[in-house]
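Here are my notes for you on this one, written as numbered points. Have the structure open and follow along as you read.

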Amino acid sequence: MKLIPGAESALPPGESALHYRPAGLTHDEMLDPDRNVRPAWSRFVSGLREMGPQGLTQRTEQVRHLLRENGVTYNVYGAAKDLDRPWLLDLLPLLMPEAEMKSLAEALKQRLKVLNRLAQDIYGPRTLLQSGLMPAEFLFKHPGYLLPCFGITPPDDVFLNWYAAQLARDKSGRWVVLGDRTQGPSGAGYAVENRVVVSRTLPQDFHSLNVVRVASYFVTLKNSMLRLAARLSDNPRVVLLSPGPRSSRYFEDVYLSRYLGYTLVEGGDLTVRGDGVFLKTLGGLLPVHVILRRLGDLDCDPLDLRPDSHVGVPALAQAARAGRVIVANALGSGFLEAPVVQALLPEFCREFLGEELQLPSIPTWWCGRPADFAYVEANLEELVIRPAFLSRGKSLLGWKLSAQEKADLLARIRAKPARFVGQSPVAGSTAPVWVDGKLQPWNLTLRSFAVYDGKEYQVMPGGLCRVAPDSVLLAESMAAGQRSKDLWVLSDGPVDSVTLLRDSVPALSLRRSTNDLPSRAADHLYWLGRLVERAEAFVRQIRSIVARMTTEVQPPGLAAMRLLVESLCDPGMSPLCVKTIGAPADWSQVRAEVWSFLRDRTRRGSLAKTLEDARGTASVVRDRIAIDSWRILNQMELLPANSPESTEPGRVLLELNQILTLLSAFSGLGAESMTRGPGWRFLDMGRRVERAQQTLRVVRGLLVNAQVELLPRLEAMLEIADSSMTYRYRYLTTLQLAPVLDLVLGDDTNPRAVIYQLVALVDHANQIAAQTGDTNDESPQCRLARELHSEVRLADIEALCEVNGLNDREALATRLDNWLDALRGFSDSVTHAYLTHTVAPRQLTQLLVATTK
Amino acid sequence: MRYRVRHTTTYAYSDPVVLCQNQARLSPQTMPGQTRLEFSLEINPVPAIRRPWTDAFGNEVWYFSVESPHHQLEVTGRSLVDRHVQPLPNPSETPPWETVRGGLASGRELADRFASQFRFESPFIVELPEARQYALVSFTPNRPVVEAAIDLTRRIFEEFDYSPATTSVSTPTREVFQTRRGVCQDFAHLQITCLRTLGLAARYVSGYLVTEPPPGKPKLIGADASHAWLAVYCPGWGWIDLDPTNNVIPQEKHVTVGWGRDYGDICPIAGVFTGGGRQAMTVAVDVTPVASGAA
């Protein structure tokens, strides 16, 4: 079958758009040098022809839709606003005959054998150094050579439990390793997610082509972790250690922890006691036996490794040294990722195995060796210069340097030659990508994954491809590639019908309660609840203000309006109170205050800031909330403060209503889809505390004053407390203070009333105390909730309505202040009992000289 | 000579410390010229756990953790050590320093390859152009390595002021060069920087200096404190100790605890703690000669 233009002109017009013309300079995955479709692709290509451009475009849309459904994103470092970027996946998989995958897998196994032996040697007998095969610079200049790990032997002497290789083809079509990933390699989660999406989108092809399944990779990983853990306990606990939500890999951390069923932890969730590792949970310390780490090894332990690490676990290396915890991959294996290792690997392979390295690395010259340096010097235009010891260091492209830049670079290399390698770029192959309604040849790299099964390495019969229109764009990071592709390994015969769905992971033992909720996560959930509820209260209050701002001119009842605006802040804290002492209220000031409170991100306690904080808090507990909830929070965007519409009341009302709808959706999801474990309790407890507090605050701000006209304030009060409808049903339209107060404070059938929140808080406090195994004595937080509840319940509402101060309802003010204090006391007590955790450990003072004698 | 050493470090905190995890490097090495007879470690409050291990340099490290709330932590290492005079090479007969450098760079000899561990930059030792210039005054062409190193030691002793008030442990060597003052670990780091910048191997030594002044002689600086000096690598001999703070070649009056690439590898006590508020630290060291059959 030919795809050259002449042959295609014979095809119906709809199909000629499948035009695919790789430049012919490099290996193409689909076409051979004569532009014949490679045998592995022929059936698939016929399928594409049948599908036609319309079918391809339609399915591409389907892929995008499925990815969005599944919430697949890729984080780009940094601020919450661009935390999540959609994951882009090309519809067309890369096809590979099973025989090719098998030989690639064999070669990877050999490579892993060598890498493991290398790690054993440098952290043990150092025979390579003794024999002189390993230069001293190679070892002792390498910042990834972790001296504290010297002498620590991992179980079975296996340093690499899981691993990934970044691969590309050279001009001749041979696979070459661009880089080794030895510290919790990323990408396997994406590979599986890609498979789910593409196989659903191209179901016929998937079945007729006998595509080998990839799910076994995670089954093997899980089994191997279980086997490791079984050495330490009959009832082992495995956790996934993540650098946290600021990491670009956090999406996958969450994904893997869910997929594997491991608790996702950050360094602060773990503590070393004795020489064992424990998870800090609400219920106390629970032993941890295996740590599957996605954290770089230098960051793992501020005592033994990098002292300024804030994400590590102090004394983790000690626990590993004592054999009380298994860290996978072993601490110190980051050494193997450095490009300098690739330069010497063929020699090490010969030494260890007496064989040639089957899978070559990207051609690498280490300037620490005079002959290599001479080569780099002579061939600089054709080489990429990279730091020798950093796996993700910045690289310089020799052919892009000016004469002066070249001279400078060579001078830098000459000063510290051991720090640099030169690498000859690998051409990479091209593969068809469906872009803008055409098949285009894009450059491709492949990430291949392996896992140790207890006896040997298993290589995933699939992988993660990254494609980009330009080979230079395809550096090694996943952020660099523009789209991903699935890899289909085609079997000659029918494949095992292991399903790819998630239940192919062995059945988990049933657990009803998740008592291993880390305190950190509980704390964040509690604050998420508070912030979301706070935002809702603000939105309601601002909405009822803006609804009264229909004209530019001063509305009637300015005094009441001013109270309404002032009460956005705690009593006496509004800028209006400060600015206008004695002065008549100025309408423009009141307006300005509303807009500032609504949109000023830099202002503490503003709605904009509250929403931002809620998003930030949610981003750290994404593994604990539904993906949909997270998406809802991300949709809550306010208009920018400088846009002309931002002060146009009608437009603002629309905006506020939208946010309110989203907030309600968030609450609804929480209420409907979270299991009633401790996580939900803390989230809900946060909401209840906040709702009670906000209602008390608004009552305090609006209704204590007895001078200003009451009716508009009562109306606003009911709106803000979302109780207008209930009131009208109950009392028709006569607005009076006592019934309003009763409805928002003491009516326990009104889910907006303060008393209703207190009932819930009493229940939460008791349940959490019971679940976390508190003693029989009533805990302080249970007592505080109970006392506050009975106070509010017994309050004499009629008496509170009396004007007994100078001009104010002072009894009401005093009572409200007491309740607000009690509520704060309750919140502090909860924090103290369950959530104090984030105190960062510090280094001891070090002084050599005696200060006293 | 036989010595009894007591080294007590006390940390006091304004708020209780709830968890404290530490490493103590207080146990003297046994090596040519020195035999450790006894070592004991006393920790107050009693730690939840204490375990010894041997680090990559052969030093004995004690890990311990205190897991009950405490306002004060006291760590005392007690040891009994025999110290003998070691024969030294005749400095003027040692190989020219360029030859030593060449041997280290080529890595042909096994001993040289292992000594190279102490030839490169490390967290406290960063290459400095001024260190090179400073060192070259002593390291004239073809000068025997130990002779040149001893000369460098003397110059540091004469040209830098010992001044405990001016530096903390982490004073960068660049700053010591500017101010020309420092304490023992600064001078050790300084001379190590000089030697490594030239391509030689030098290691940091942590230990004690015996306090008893000989009759009529002044008391040596650094007495009754933990002390630090360095050793330079001389092929065929191994490591030659040099004390730039006192301009001496450490012999029977220096008790070695251990060594590393710099202070960070062998600091007497390192730890991480949670809680505590403000912290204050005091150190008390006694080195007392005791009668022994051998002495």
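1. Let's start with Asn142(B), which you'll find in the loop between helix 3 (129-136) and helix 4 (145-159) of chain B. Helices (H or I, at least four residues) and strands (E, at least two) are DSSP runs, numbered from the N terminus. Phi of Asn142(B) is near 65°, a positive value in a residue other than glycine. Asn142(B) counts as exposed because 11 other C-beta atoms lie within 10 Å. The cut-offs are these: 20 or more other C-beta atoms within 10 Å of a residue's own make it buried, 12 or fewer exposed, and anything in between partly exposed, with C-beta atoms placed from the backbone.

2. Some housekeeping before going on: this is a predicted model, where local features need pLDDT of at least 70 and side-chain atom pairs count only at pLDDT 80 or more, while totals for chains, interfaces and linings use all residues. Residues are numbered from 1 along each chain as its sequence is written, and chains are lettered from A and ligands numbered from 1 in the order in which they are written.

3. Chain A has a positive phi to look at too: Arg35(A), not a glycine, has a value of about 65°. Arg35(A) sits in the loop between helix 2 (13-16) and helix 3 (42-69) of chain A. Is Arg35(A) exposed or partly exposed? It is partly exposed, because it has 18 C-beta neighbours inside 10 Å. Why flag such spots? Because most residues other than glycine have a negative phi, and most peptide bonds are trans.

4. On to cis peptide bonds. One joins Ala328(A) and Asn329(A), with omega about -5°, and Asn329(A) is in the loop between strand 12 and helix 12 (339-353) of chain A. In chain B, the bond from Asn44(B) to Pro45(B) is cis, with omega near -5°; Pro45(B) belongs to the loop between strand 2 (34-44) and strand 3 (49-54).

5. Now find the open sheet in chain A: four strands in the order 7-6-11-12, with parallel pairing (two strands pair if DSSP finds at least two bridges between them). Strand 7 (263-265) and strand 12 (326-328) are its edges, each pairing on one side only. Strand 11 (residues 290-293) and strand 12 of chain A share three bridges, and Ile291(A) has Val327(A) as its bridge partner. Helix 9 (residues 216-230) of chain A packs on the sheet, touching strand 6 (238-241), strand 11 and strand 12.

6. What about the interior? Buried residues make up 48% of the 853 residues in chain A.

7. Finally, how many residues of chain A are in contact with chain B? The count is 34, against 41 residues of chain B (contact puts C-beta atoms, placed from the backbone, within 7 Å). The chain A side divides into 19 nonpolar, nine polar and six charged residues. Here Ala, Val, Leu, Ile, Met, Phe, Trp, Tyr, Cys and Pro count as nonpolar, Asp, Glu, Lys and Arg as charged, and the others, Gly among them, as polar. Two bridges also join strand 22 of chain A to strand 12 (residues 269-275) of chain B, running antiparallel, and Gln843(A) stands opposite Val272(B).

Terms used:
Two residues are in contact if their C-beta atoms, placed from the backbone, lie within 7 Å. Axes are lines fitted to C-alpha atoms, for helices over the stretch in contact, and angles run from 0 to 180 degrees between N-to-C directions.
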